[in-house]
Amino acid sequence: MTWFNRLKLAGGILLVVVIVMACTVVFNQRQHRALSTSATIVAQNYPVGTDYGGIVTRQYVEVGDDVAVGDPLFDVRSLQLQRDIASGQVADPVLAASVAGDGTSTIVATVDGTVREVAVPQGGFAQAGSVLATVDQDASLFVEAEFLLSARDYARITEGSHVELLLPNQSVLGGDVAGIDVETAEGQALSTLRITSADLSQRAATGLFQAGTPVQATLQLRDDGPLAGVGDALRDLLQKVGL
Amino acid sequence: MARIPSTRQTRHTLDRPSPKDGGEPTPVMILLVVVATIGVLAYAAFLLAPDSRGDLLPYLMVIVAESILVLHALLSMWTILSSGRNPRDYAAHDAAAHLMPRLARGDDTIHLRGAPVVVDVFVTVYGEDLETVRRTVVAALGLQGRHRTWVLDDGKSDEVRAMAAETGAWYVRRLSSHGAKAGNINHALTLAKGDFFAIFDADFVPSPRFLLETMPIFVHEDVAFVQTPQVYGNLDTVVARGAAFMQTVFYRFIQPGRNRFNAAFCVGTNVVFRRRAVDEIGGIYTDSKSEDVWTALLLHERGWRSVFLPDALAVGEAPETIEAYSKQQLRWATGGFEILLHHNPLSPRRTLTTDQRIQYLVTATFYLAGICPLLLLLVPPLEIYFDLRPMTLEITVFTWVLYYAGFYVMQILLAWFAVGSFRWETLTLATVSFPIYSKALWNALTGKDVGWHVTGSASRRSPFNFIIPQTLFFLFLALTTLVAVWRDIDNGVLTLATGWNATNTLILGAFLVTALREAHALSHPTVRPAPLQLPAATVPLTVVARPLQRQPGLLEPEPQLEPAGGAR
C-alpha cells in the first residue's frame with residue numbers, strides 16, 4: 001500500500017471506531033430507558049360535600065375558578081338541617097351558628113386550589129352525603145405513568161429513579177418515581193408509576209399544568225451494563241461543559 | 001442483499017462450452033421467470049403495504065434500494081423472455097453459404113451480395129503483457145477469410161512492434177493518446193479503409209471462425225455492428241470467477257433479448273462494425289470511457305440495427321485482481337451514469353423507439369442497483385444502535401421469509417438455472433462493489449476523468465489501495481455485530497438485525513480474505529511473466545504501418561515511416 005493510502009486507512013479506522021463508540025453510547029442510553037405507554041398529569045383533589053340534603057340556592061364558583069381556603073362555594077338550604085337545629089339535634093354550636101334561619105348554610109373551600117368539577121349546580125338538589133364539587137389542590141400535581149416492561153427491566157426500577165417528563169409544549173421537567181404498582185399483562189410488567197416532580201407540584205393547577213394533561217415519561221432504569229460508568233462520566237462531562 | 005447477477009459483459013462458462021445454447025430460454029426457464037415475476041410482485045406489494053411500514057428513515061432506505069432492484073429484476077426478466085429469436089435469418093444463412101465463392105481456387109476473400117469486401121481486424125494494445133498480445137495477434141492473423149490485421153499500440157512498446165513484424169501484422173502507433181481506445185481506433189480508421197472492421201482487445205483471442213460467423217449478418221444493409229459475447233478463460237481467482245459469472249446472464253439472455261428490441265449494444269471487443277455506419281456518426285465516440293455503449297447508442301439513434309450473436313467466438317481474460325476489477329467496474333459504471341446524466345434516453349429529443357429507450361434506461365441505471373447494497377448494509381446497524389426498524393414487528397418470521405424468498409431466492413434460482421451453477425463469488429462482489437459505483441456516480445456528476453487501464457493485467461500494487469471503503473465498512477459491521485450480540489445476550493433474544501448484520505460482516509470478510517490472499521500472492525510472486533516496463537522509444541514515431549502487398553488495389557500505401565513486418 002502507498003503511504004498515503006495507509007494514512008487514509010488509519011484515519012478511517014479511527015473514524016469508524018469513534019462512530020461505533022458514539023453509537024454504542026447512544027444505544028446504551030436507550031438500553032436503560034423506558035418510554036411510557038401513557039402518562040398524564042394528576043392532581044390531589046378534594047371533594048366538597050354536604051351532610052344534609054337540600055337545594056343549592058346559590059353557586060359562587062364556576063369550573064376552573066381559583067379558590068382559597070374559606071371562600072364560599074355554594075349556599076345550600078336544607079329543611080332537614082333547619083329542623084335539626086330547631087330541635088337541638090345539632091350539637092356543634094359553630095355549625096349551628098353558621099346556618100341561617102331558613103336552614104341555608106354556606107359551604108366553603110377547605111384547600112387552596114381550582115374548581116375541577118361542579119356536580120350539583122345552582123337550583124339542583126344535593127342528596128345527603130353527596131359531593132357538590134371537586135377542588136384540585138394547588139401545588140399537588142404529579143404524574144401517573146404506565147410502562148410495559150420486561151421482568152428484567154422492571155427489576156431495574158427503584159423508588160427515586162429519575163424520570164424525564166415531556167410536556168405537550170415540548171418542555172421537559174425532571175421527576176422521581178414515588179410509587180410503583182404492577183400487574184402482569186401478556187408476560188410483561190404493566191407498571192403504573194407515581195412520579196413526583198418539584199417543578200410540577202409547585203405550579204397552580206391551571207392551563208397546561210392541570211389534571212388530565214398528557215405527558216410522555218422517560219424512565220431511567222438502573223444501568224447494570226459494562227458501560228454504566230463510562231456513560232455517566234460522559235454525561236457528567238457534557239453537563240459540565242454546558243451542553 | 002443479493003442483486004440479480006446480470007448485465008454487461010459475460011461469458012459462456014468453460015464447463016458448459018457449447019456456444020449455441022445462449023439466447024433461447026427453455027420452457028422450464030420461462031416457467032421460472034413467470035414464478036419469479038410473481039415473487040417479485042408479491043415482495044413489492046409486501047414492502048409497500050401500509051401495515052408493514054416501519055420507521056421512516058430505514059423504511060425509505062429499504063424502499064429506494066429494493067425499488068431499483070425489483071425494477072431491474074422485472075425488466076431483465078422481461079428481456080430474458082424476449083430472447084427466443086434466432087438472429088440468423090434466411091438471408092444470413094444464404095450469405096453464409098456464398099461468403100467465399102472463390103475458396104476452391106484458393107482465394108478466401110469474403111463476399112457479400114456477390115461483391116468482395118475488405119475487412120480490417122484491429123487488435124487494441126495498451127501496455128498488455130507481450131505474450132498475451134502475441135496470442136491475440138496470431139489468432140487474429142489466423143482468422144478464416146481474407147482480412148488485414150492491425151496492431152493498434154497505444155502502449156508505445158517496441159517489443160510489441162517487433163512482435164508485429166515477426167508475426168506479419170501491421171503495426172500502428174500514434175503520437176498522442178487522445179480519446180483512449182476510441183481515439184486509437186479512430187486513428188486507425190484514417191489508415192485502414194476497409195468496408196468492415198473488427199475490434200479485439202489485446203487479451204481476447206478470437207476463434208478462427210469469427211469472421212465466418214459474423215460477416216453473413218451484414219448482408220442486411222441496415223446492420224451497423226455484430227457483437228459476440230466476451231468469454232473468459234482465466235477463472236483462477238475469486239474476483240475473476242465472480243466478475244465472469246456476474247455477466248453470464250447478460251451474455252446468455254439479456255443481450256440476445258435485446259436483439260428483439262434492436263438495443264443490443266457493443267461491448268468494445270469481439271465486435272465487427274460496418275465502416276459506413278461508424279463514419280456516419282463521426283467515428284467511434286470518444287468523450288466517454290464507455291465508448292462502446294455510446295457508439296451503439298448513437299448508431300441506434302441514427303436508425304442503424306445491431307445484432308448480437310450468442311456464440312462464443314473469442315476467449316479473453318476477466319479481471320483477475322481487485323485492482324483490475326475495481327477499475328473496470330468504475331469505468332463501466334461511470335459510462336453508464338454518463339448516459340443517464342448527459343444523454344437521458346427518455347428525452348423526447350432522442351430518436352429512439354420506446355423499446356430502445358427502456359433498454360438504454362436499464363443500461364444507464366444498472367449501476368444504481370450496485371449502490372443499493374450500501375443502503376441495505378446500513379439498515380441493521382440503524383436498528384441495533386437507534387432502534388429504527390424498516391418494517392413493523394407484527395410480521396412473523398415465516399411471513400417475512402416467504403416474501404423475501406419470493407424475490408431473492410427466486411432470483412438466485414433463476415440465475416442458477418440460467419447459468420448452470422450459482423457462485424458465491426458473484427454475491428460477494430455484488431455486495432462489496434458499492435464504493436466503486438458510488439464513486440462512479442460521483443465522477444459522472446462532477447465530470448471527473450478516470451484513467452484507462454488494462455483489464456486482467458497483473459499489478460504489483462496491494463489490493464488494499466483500492467478497497468479502503470470496504471475495509472472500513474467491514475470494521476464497522478464487525479464492531480456493530482459485537483454490540484448487537486452483546487445486546488441480544490443482555491436482552492435474552494436473538495434479533496433479525498443481529499443475524500443480518502453478522503451475515504453482511506461475513507460477506508465483506510470473505511472479500512477481505514480474498515484481498516489478503518491476493519496481497520500475499522503479490523508479495524510472493526510465482527513464476528509469472530513480469531509486466532512490460534520497457535522504456536518508451538526515444539525516436540518520435542507517428543505511424544508505423546506497412547501496405548498490404550498482396551492486394552495493392554485495395555489500399556493506397558501509407559507513408560512507410562518504419563517497416564514493421566510483412567503482411568499476412
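Good morning, colleagues. The model before you is predicted: local features need pLDDT of at least 70, side-chain atom pairs count only at pLDDT 80 or more, and totals for chains, interfaces and linings use all residues. Residues are numbered from 1 along each chain as its sequence is written, chains are lettered from A in the order in which they are written, and side-chain values use heavy atoms, without hydrogens and water.

Let me begin with the interface. Here 21 residues of chain A are in contact with 19 residues of chain B, contact meaning heavy atoms within 4.5 Å. The two chains bury about 1800 Å² between them, 72% of it on carbon and sulfur atoms; this is the accessible area (1.4 Å probe) lost on being put together, summed over both. In chain A, the residues that lose the most area to chain B are A:M1, A:F27 and A:R30, together 28% of what that side buries. Helix α1 of chain A (residues 3-31) supplies the largest share of the side touching chain B, with 16 residues.

I turn now to one residue of chain B. Is B:T295 buried or exposed? B:T295 is buried, because its relative accessible area is 1%, and buried means under 20% (1.4 Å probe, protein chains only). Leaving aside neighbours within four places in sequence, B:T295 is in contact with B:F273, B:I281, B:I284 and B:Y285. Thank you.

Key. Helix = DSSP H or I, 4+ residues; strand = E, 2+ residues; numbered from the N terminus. Buried < 20%, exposed > 50% of the residue type's maximum accessible area, 1.4 Å probe, protein only.
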